[in-house]
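Please look over the structure shown here with attention to its charged side chains. The report that follows concerns how they pair.

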Amino acid sequence: MTGRKVILAFLISLLLICIFVSPQNAAGANEEDGQLLTNDKYNISMSVKYGFDNKVKYGRYALVSGEIENSGEKSFTGVFQIMVPKSTDNALYQEEVTIRPGETKKVSLALPIVDDTGYLQVKLWNKKVAVLEHTYQLTFGNYDKLVYAGVLTEERENLAYLDRLNLKTFYLTEDTLSDNPLGLDLLDVLIINNFQVSKLRTEQVQAITTWVNNGGTLVLGAGKYNKEVSEVFKNFQVSFGNETDTENISMLSKEDDLKGLKQHLLDCQKSRRMFLLELSERNQRLISSGNKKNLTEIITGLDLEYRKRELSEEKISGLRKSVAEKQITTIGLDGGRSLVQEAGKDLLLYSKVNSGRVQLFAFDLGLTAEKESIALSIISLITQHISEDNTLQLDNEYYGWYMTDGLMNSIASAKEKIVPATYKYFIIIALYLLISGPVTYFYLKKKKKQGMGLIVVSVLVVVFTLIIYAAGTKTRITKPYAEYLRVLDYTDAGMDKINLSLTMPNNYDYTLNLTRRFNLVEMTNANPYITESRLGTKADFNNADKIIRYESEGVKLTVTDNPAFTPVYFQGIFQTTKEGGGITGQLTHTGSGIDGSIKNDNDYDISNAILICDGRLIDIGYLKKGQELSLKNEKGTYLLSIDDLYSTSLIKGMTELSEEGKDGNENTRLNQLISLMVEYNFTQGEYSNCIIGLKENGQKNNQTAKEGDQLLSQISSIMQLEGTTLVKLPVKVDNHLADKEYVYTIDNNIQAEGMKMNEYYAGRYMTNDSIIHTYQFPAEEKIINFSFPKAQNQKVLSKYTQNFGGSVFFLNVETGRYEEVFNGTYDIDIKASDYLTADNILTVRYRQESSLQEYQVVLPHISYWKEAD
């Protein structure tokens, strides 16, 4: 073989090696499971994990982590990149990383799982070379109504019983627990039991705190680390006694508790089985219609999971009360309610913390022996008392219903742009035609210089072109601009959310360098829950127009291949802190009108303000800073049905923003925004007595939301920035009268699944002639009487609903019979003791006598009086 042939053969062999050992295929020995990626040339290997145990959910955030090892002799500097591809509008998330020789470094990024094609792409870049690359097919948990629980413990084997029924556990350590609140978003519950919490970093504790405030449920067990737990979670005002007593506990303090536990198990399993049947029928319809999408694999997996977790009816029926010897500690929790008591001691307290919950057990949750009833009771208590936010989210994921926040399309101002009046152009063109035509002709004819006509007309064309160009100078967009919609929520929800759109007047790529590591993610209008419609959708990994890159000095936002005047959207999520200001004063409400005074102690005005007080909407108007407003027997408008917001001019009438005339488009946008804020206050588990309005004339550096202000300040230093800020401020309301307290509605206590008051769409309506609801009131509430107040049962405003026209019956606990308590007569006191069980449960039957004229009937509102705390 000649030398030239040898060289050619060598080059061909080298090319083949490059093809088959490309970065896309350089996954090493464990490529099949997709967990270990290697590249021998760079001496770099990387293992990838996402979500929890590589499971995610549509509509939630997921943490993607890469553990990168450098086995070479040189430092490696590169970029860790992740993407969940969508049909359009993809975003890349990147993190700069430097790994010294022999070092292993972990890098993590959180991103929303929305509108995706079921894939995750991970790359590690070195300059412009993809050193490591792999695509994973995601495993989704939306089809199973499981409560996801992270577990921190040093005795994992003693908590193995928790991974049963509708509780799915994921074991974490101080190394795997995220320090980003979004990294915990997949979890509904975080259980900490016999774990040295002092090992947690400050950032991790802050992430847990923020996650709880945003709707997570923290479960704490007592044990040898009580002192540490009290110190680390002092913000939740957790306390333990110094002494413990040995007690035999059952977690079934009443005889009826075992019966209730059995029924809960049956209901839980029946619900999941019915959903699986519904999913199977949906799949058959897809197949029979010729649709290529197929849910069979998902259904098979769910069926196996169901069978592994569920108990037979015989086993449930044969369940007996068991007892375990435990060291019981005296526990305290700010605002805590007792769920279980035995031997005169609280075994479980729970409290609401902003939008989340804290559950505090008086003993170590570990079970070293088989104690079936205790284990099942603990699981049931944890899962039944998660936060309202997560209960709603689980229902949305499970049943496939989803309501987007509706805010993305309302970021851009609808103000009329300053454009030249049309008549001016007509005048300019008319003058041009007149001068270049007859005037020029007769003038040149008079001067006997007709040969100059072409030159004169050409000059006039140039002159009038310049005139037209000058006329549009003030309206011509030549620089990039940004618009934002900011929601500052100072109620218990406590959030500063900034929705940001960036627009360029050309097709050039551009980059914004921000000098802080702001918590930014992409925004999308996607509906993440209708997942079967996306099965088989082709993923386009090259379609990415946004890059969010985290660097040592801050965040770099890059927009590429984006058409001119097409906005790209980002979102920043921060926490608000209640430092001074706010709405001071106090209102009183005991069933009639609203009385009292409120004062705007903020450093800004509030325009188009609406007061929400015990279900009533009251027009406040313009509330200047420092202004005090007095109310006297103010009735307002009671919101009987959420539909009243959609089908009437209720909000428009309160804001007094006319949707006609020159400012009509902008006023329509503002009315829609305020209407959405009012709606969310009723429907998304965050009901508050509050004022909602537009922030006006505020100082540029608001001290109560520093991160959000700094983000907007940096954006405004780079490009023109305009925006709208909505505020939601809590208002104190006193419902006491002598030794009694008024509660304006019983709806918060409704027990039908998927029908809590905060899920307003189901619990407030009936579509049949008769319906039965049960209401579970807090055990410590001593209810005196119920009433049907006329002021809260006026005519509905929506044309698609109708008022209740019939009778209401309460179940008498002594006779076991339903007794009529309402047939159209309002404001009559109904003695509560006849109808409340020992567990404070009320059973109500609603019977509609008139025919259903509209698609649904609004149930009457019921209020009650209780003994004051």
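The sections below describe the salt bridges of this predicted model.

## Overview

Side chains of opposite charge can pair when their charged atoms come close.

Lysine 224 and glutamate 154 meet through their side chains in a salt bridge, at 3.9 Å from N to O. Because lysine 224 lies in the loop between strand S12 (217-220) and helix H3 (226-232), while glutamate 154 lies in the loop between strand S9 (147-153) and strand S10 (167-172), the pair ties together parts that are 70 residues apart in sequence.

Lysine 224 is exposed, its relative accessible area being 57%, whereas glutamate 154, at 36% relative accessibility, counts as partly exposed.

## A buried pair between two strands

A salt bridge also joins the side chains of aspartate 496 and arginine 486, with an N to O distance of 2.9 Å. Aspartate 496 belongs to strand S19 (residues 495-503) and arginine 486 to strand S18 (residues 481-489), so this pair ties together parts that are ten residues apart in sequence. Both aspartate 496 and arginine 486 are buried.

The side chains of lysine 599 and aspartate 601 form a salt bridge at 3.9 Å, N to O. Lysine 599 counts as partly exposed at 30% relative accessibility, and aspartate 601 is likewise partly exposed, with a relative accessible area of 32%.

How values were computed:
Residues numbered from 1 in each chain as written. Predicted model: local features only at pLDDT ≥ 70, side-chain atom pairs only at ≥ 80, totals over all residues. Heavy atoms only, no water. Salt bridge = Lys/Arg side-chain N within 4 Å of Asp/Glu carboxyl O. Helix = DSSP H or I, 4+ residues; strand = E, 2+ residues; numbered from the N terminus. Buried < 20%, exposed > 50% of the residue type's maximum accessible area, 1.4 Å probe, protein only.
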